[in-house]
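Visitor: Can you walk me through this one? Keep it quick.

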Amino acid sequence: ELEPDNSDLKLAAGRQDFSDEMEWLIDENLDAVRVTYKGDPLGFDVYAGRKSLFNLATPDEEEELITNYAGFLRYQINKKSQADAYVFFRDGESFLDDGDIVEENLLFVGVQSIGELSPQLRYWFNAAYLTGDSREGDDKKDISAFGGDLGATYVFDGQLEPSLTLG
(Lines give C-alpha, C1' and ligand atoms only; values in the text may rest on other atoms or scores of the structure.)
Protein backbone atom coordinates (compact mmCIF):
# COMPACT_ATOMS: atom_id res chain seq x y z
CA GLU A 1 0.00 0.00 0.00
CA LEU A 2 1.38 3.39 -0.98
CA GLU A 3 -0.14 6.52 0.51
CA PRO A 4 1.99 9.69 0.57
CA ASP A 5 1.74 11.85 3.71
CA ASN A 6 -1.14 14.36 3.71
CA SER A 7 -2.56 12.90 0.49
CA ASP A 8 -6.01 11.67 -0.39
CA LEU A 9 -4.49 9.50 -3.15
CA LYS A 10 -3.87 5.83 -2.32
CA LEU A 11 -2.37 2.94 -4.33
CA ALA A 12 -2.86 -0.61 -3.05
CA ALA A 13 -1.98 -4.07 -4.39
CA GLY A 14 -2.81 -7.50 -2.95
CA ARG A 15 -5.82 -9.07 -1.22
CA GLN A 16 -8.51 -6.42 -0.60
CA ASP A 17 -12.18 -6.15 0.34
CA PHE A 18 -14.37 -4.64 -2.41
CA SER A 19 -17.96 -3.50 -2.05
CA ASP A 20 -20.05 -0.64 -3.29
CA GLU A 21 -22.14 1.26 -0.72
CA MET A 22 -25.22 -0.94 -1.20
CA GLU A 23 -23.30 -4.11 -2.12
CA TRP A 24 -25.43 -4.11 -5.26
CA LEU A 25 -22.55 -4.73 -7.69
CA ILE A 26 -19.86 -6.41 -5.66
CA ASP A 27 -19.07 -7.66 -2.17
CA GLU A 28 -15.92 -9.76 -2.53
CA ASN A 29 -12.32 -10.12 -1.44
CA LEU A 30 -10.13 -9.87 -4.53
CA ASP A 31 -6.44 -10.04 -5.41
CA ALA A 32 -6.19 -6.64 -7.06
CA VAL A 33 -4.48 -3.40 -7.90
CA ARG A 34 -6.43 -0.31 -6.82
CA VAL A 35 -6.08 3.46 -7.02
CA THR A 36 -8.36 5.58 -4.81
CA TYR A 37 -8.68 9.34 -4.49
CA LYS A 38 -10.84 10.71 -1.67
CA GLY A 39 -11.22 14.32 -2.67
CA ASP A 40 -13.88 16.74 -1.51
CA PRO A 41 -16.38 16.80 -3.14
CA LEU A 42 -15.06 14.62 -6.04
CA GLY A 43 -13.18 11.34 -5.75
CA PHE A 44 -12.66 8.09 -7.61
CA ASP A 45 -11.91 4.41 -7.13
CA VAL A 46 -10.39 2.35 -9.97
CA TYR A 47 -9.33 -1.29 -9.72
CA ALA A 48 -8.64 -4.54 -11.51
CA GLY A 49 -8.70 -7.87 -9.70
CA ARG A 50 -9.67 -11.52 -9.43
CA LYS A 51 -11.21 -13.60 -6.69
CA SER A 52 -8.04 -15.67 -6.55
CA LEU A 53 -5.04 -14.82 -8.68
CA PHE A 54 -2.78 -17.65 -7.52
CA ASN A 55 -5.06 -20.52 -6.52
CA LEU A 56 -3.27 -23.76 -7.32
CA ALA A 57 -5.78 -26.05 -5.55
CA THR A 58 -8.84 -25.39 -7.76
CA PRO A 59 -7.60 -23.34 -10.74
CA ASP A 60 -10.62 -23.97 -12.97
CA GLU A 61 -13.40 -22.64 -10.74
CA GLU A 62 -15.54 -20.16 -12.69
CA GLU A 63 -15.32 -17.24 -10.24
CA GLU A 64 -11.53 -17.52 -10.17
CA LEU A 65 -11.34 -17.05 -13.95
CA ILE A 66 -13.25 -13.75 -13.95
CA THR A 67 -11.28 -10.51 -13.92
CA ASN A 68 -13.19 -7.53 -12.54
CA TYR A 69 -12.40 -4.03 -13.82
CA ALA A 70 -14.21 -1.11 -12.20
CA GLY A 71 -14.22 2.64 -12.13
CA PHE A 72 -16.32 4.73 -9.74
CA LEU A 73 -16.56 8.52 -9.86
CA ARG A 74 -17.86 9.74 -6.50
CA TYR A 75 -19.52 13.03 -5.61
CA GLN A 76 -19.87 13.78 -1.89
CA ILE A 77 -23.22 15.61 -1.66
CA ASN A 78 -22.78 16.28 2.08
CA LYS A 79 -21.20 14.47 5.05
CA LYS A 80 -23.89 11.78 5.01
CA SER A 81 -24.79 11.50 1.30
CA GLN A 82 -22.91 10.54 -1.84
CA ALA A 83 -23.58 9.78 -5.49
CA ASP A 84 -21.52 7.51 -7.78
CA ALA A 85 -21.37 6.99 -11.51
CA TYR A 86 -19.68 3.71 -12.42
CA VAL A 87 -18.50 1.32 -15.09
CA PHE A 88 -17.98 -2.29 -14.01
CA PHE A 89 -16.69 -4.98 -16.40
CA ARG A 90 -16.54 -8.70 -15.60
CA ASP A 91 -14.21 -10.37 -18.10
CA GLY A 92 -14.86 -14.10 -17.88
CA GLU A 93 -12.23 -16.37 -19.38
CA SER A 94 -13.21 -19.68 -20.91
CA PHE A 95 -13.44 -22.73 -18.68
CA LEU A 96 -14.82 -26.26 -19.08
CA ASP A 97 -18.14 -27.25 -17.49
CA ASP A 98 -19.24 -30.84 -18.20
CA GLY A 99 -17.20 -30.79 -21.41
CA ASP A 100 -18.68 -27.51 -22.71
CA ILE A 101 -16.68 -24.31 -22.94
CA VAL A 102 -18.33 -21.58 -20.86
CA GLU A 103 -17.50 -17.87 -21.04
CA GLU A 104 -19.28 -14.70 -19.93
CA ASN A 105 -18.40 -11.03 -20.41
CA LEU A 106 -20.61 -8.43 -18.73
CA LEU A 107 -20.50 -4.62 -18.73
CA PHE A 108 -22.50 -2.66 -16.14
CA VAL A 109 -22.92 1.12 -16.49
CA GLY A 110 -24.87 2.92 -13.81
CA VAL A 111 -25.44 5.42 -11.04
CA GLN A 112 -26.11 5.02 -7.36
CA SER A 113 -26.70 7.30 -4.40
CA ILE A 114 -27.14 6.67 -0.69
CA GLY A 115 -27.50 9.03 2.22
CA GLU A 116 -29.64 11.18 4.46
CA LEU A 117 -31.94 13.99 3.39
CA SER A 118 -32.51 14.83 7.07
CA PRO A 119 -31.75 13.10 10.40
CA GLN A 120 -35.10 11.28 10.05
CA LEU A 121 -35.05 10.50 6.31
CA ARG A 122 -32.56 8.09 4.69
CA TYR A 123 -32.61 7.06 1.03
CA TRP A 124 -30.95 4.84 -1.58
CA PHE A 125 -31.05 4.73 -5.35
CA ASN A 126 -29.43 2.38 -7.89
CA ALA A 127 -29.88 2.14 -11.65
CA ALA A 128 -27.76 0.19 -14.11
CA TYR A 129 -27.68 -0.97 -17.69
CA LEU A 130 -26.11 -4.37 -18.40
CA THR A 131 -24.80 -5.52 -21.75
CA GLY A 132 -22.57 -8.40 -22.76
CA ASP A 133 -22.56 -11.96 -23.99
CA SER A 134 -22.32 -15.50 -22.73
CA ARG A 135 -21.25 -18.69 -24.43
CA GLU A 136 -21.88 -22.27 -23.42
CA GLY A 137 -20.52 -24.75 -25.94
CA ASP A 138 -21.64 -23.56 -29.39
CA ASP A 139 -24.56 -21.56 -27.95
CA LYS A 140 -23.77 -17.82 -27.78
CA LYS A 141 -26.26 -15.35 -26.29
CA ASP A 142 -26.29 -11.57 -26.23
CA ILE A 143 -27.24 -10.07 -22.88
CA SER A 144 -29.02 -6.75 -22.37
CA ALA A 145 -30.90 -5.63 -19.26
CA PHE A 146 -31.78 -2.71 -17.03
CA GLY A 147 -32.13 -2.82 -13.26
CA GLY A 148 -33.10 -0.37 -10.58
CA ASP A 149 -33.64 -0.08 -6.84
CA LEU A 150 -35.10 2.91 -5.00
CA GLY A 151 -36.17 3.35 -1.41
CA ALA A 152 -36.37 5.49 1.69
CA THR A 153 -36.60 5.00 5.44
CA TYR A 154 -38.24 7.47 7.80
CA VAL A 155 -37.18 7.19 11.45
CA PHE A 156 -39.77 8.54 13.89
CA ASP A 157 -38.83 10.39 17.06
CA GLY A 158 -39.05 8.44 20.27
CA GLN A 159 -36.93 6.32 22.55
CA LEU A 160 -37.20 3.18 20.39
CA GLU A 161 -36.92 5.10 17.07
CA PRO A 162 -39.54 3.15 15.11
CA SER A 163 -39.15 3.43 11.34
CA LEU A 164 -41.05 3.01 8.12
CA THR A 165 -39.30 1.82 4.96
CA LEU A 166 -40.63 1.89 1.39
CA GLY A 167 -38.65 0.43 -1.46
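Visitor: Where does Thr67 lie?
Guide: Thr67 lies in strand β4, residues 66-78. Strands here are DSSP runs of E with at least two residues, and helices are runs of H or I with at least four, numbered from the N terminus. This is a predicted model: local features need pLDDT of at least 70, side-chain atom pairs count only at pLDDT 80 or more, and totals for chains, interfaces and linings use all residues. Residues are numbered from 1 along each chain as its sequence is written, and side-chain values use heavy atoms, with hydrogens and water left out.

Visitor: Is Thr67 buried or exposed?
Guide: Thr67 counts as buried because its relative accessibility is 11%. Buried means under 20% relative accessible area, exposed over 50%, and partly exposed in between, with a 1.4 Å probe and protein chains only.

Visitor: What is Thr67 in contact with, leaving aside neighbours within four places in sequence?
Guide: Gly49, Arg50, Phe89, Arg90 and Asp91 are in contact with Thr67. Contact means heavy atoms within 4.5 Å.

Visitor: Which side chain makes a polar contact with the side chain of Thr67?
Guide: That of Arg50, at 2.8 Å. A polar contact is a pair of N or O atoms within 3.5 Å; within protein, one must be able to donate a hydrogen and the other to accept it, and residues adjacent in sequence count only if both atoms are side-chain atoms.

Visitor: Next, rings. How many aromatic pairs are there?
Guide: The count comes to six aromatic pairs. Rings of Phe, Tyr and Trp (its six-membered ring) pair if their centres lie within 6.5 Å; planes under 30 degrees apart count as stacked, over 60 as edge-to-face and the rest as tilted.

Visitor: Why is the pair of Tyr69 and Phe89 stacked?
Guide: The planes are at 25 degrees, with ring centres 6.3 Å apart, so the pair is stacked. This pair links distant parts of the chain: Tyr69 is in strand β4 and Phe89 in strand β5, 20 residues apart. Tyr69 is partly exposed, with a relative accessible area of 38%. Phe89 is also partly exposed, with a value of 27%.

Visitor: And what about Tyr154 and Phe156?
Guide: Their planes are at 75 degrees and their centres 4.9 Å apart, so the pair is edge-to-face. Tyr154 is partly exposed at 37%. Phe156 counts as partly exposed at 38%.

Visitor: Changing topic: what about Ser81?
Guide: Ser81 is found in strand β5. At 3% relative accessibility, Ser81 counts as buried. A polar atom of its side chain lies 3.0 Å from the backbone nitrogen of Glu116.

Visitor: Now the core. How many residues does the largest nonpolar core have?
Guide: It has 14 residues, and those with the most contacts inside it are Leu25, Ile26, Tyr47, Phe88 and Phe108. At least two residues each come from β2 (27-37), β4, β5 (81-92), β7 (100-116) and β8 (121-136). A nonpolar core is a set of buried Ala, Val, Leu, Ile, Met, Phe, Trp, Tyr and Cys residues joined through side-chain atoms within 4.5 Å.

Visitor: What does Ile26 touch, not counting residues up to four places away in sequence?
Guide: Ile26 touches Phe18, Ser19, Asp20, Tyr47 and Phe88.
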